[in-house]
Amino acid sequence: MTHLPYVIGAYAVFVLVLCADAIGSWLRLRLAHRLAVARQQRQQARGGRQDAAPLSTELER
C-alpha cells in the first residue's frame with residue numbers, strides 16, 4: 001500500500017492554491033496602481049496643489 005497518489009494530489013492542490021493567490025495579489029496590486037495613477041492625473045488636471053507629492057513608489061514593488 002502506497003500513499004504516493006495522495007501525496008502527489010496534496011502537493012498539486014497546494015501549488016494550485018499558491019499560484020491562484022499569487023495571481024490574485026498581482027492583479028489587485030496592478031489595479032491599485034492604475035487607480036492611484038488615474039487619481040493623480042485627475043488631481044493634476046483639476047489644477048490641484050502644484051507642490052503635491054508624486055505617486056508613492058510603494059505600489060511599484
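User: Which residues make the nonpolar surface patch?
Analyst: In this predicted model, Y6, V7, Y11, F14, V15 and L18 make the patch. Its area is about 670 Å².

User: Take V15. Where is it placed?
Analyst: V15 is in helix α1, residues 4-45.

User: And is V15 buried or exposed, or in between?
Analyst: V15 counts as partly exposed, because its relative accessibility is 43%. Exposed would need over 50%, and buried under 20%.

User: How many residues does α1 have, and what does it span?
Analyst: α1 has 42 residues. From first C-alpha to last, α1 reaches 61 Å, close to the expected 62 Å.

User: What follows α1?
Analyst: G47 follows α1, with a positive phi near 80°.

User: Zooming out, how many helices and strands are there?
Analyst: The protein chain has 1 helix and 0 strands.

User: How much of the chain is buried?
Analyst: Of its 61 residues, 2% count as buried.

User: What about the accessible surface?
Analyst: The protein chain has about 5,700 Å² of accessible surface. Carbon and sulfur atoms account for 65% of that surface.

Technical notes. Residues are numbered from 1 along each chain as its sequence is written. This is a predicted model: local features need pLDDT of at least 70, side-chain atom pairs count only at pLDDT 80 or more; totals for chains, interfaces and linings use all residues. Side-chain values use heavy atoms; hydrogens and water are left out. Helices (H or I, at least four residues) and strands (E, at least two) are DSSP runs, numbered from the N terminus. Buried means under 20% relative accessible area, exposed over 50%, partly exposed in between (1.4 Å probe, protein chains only). Accessible areas come from the Shrake-Rupley method with a 1.4 Å probe; for residues, only the protein chains shown count as cover. Patches are made of residues with over 30% relative accessible area and no salt bridge: like charges are joined within 9 Å, nonpolar side chains (Val, Leu, Ile, Met, Phe, Trp, Tyr) within 5 Å. A salt bridge is a side-chain nitrogen of Lys or Arg within 4 Å of a carboxyl oxygen of Asp or Glu. The expected span of a helix is 1.5 Å times one less than its number of residues.
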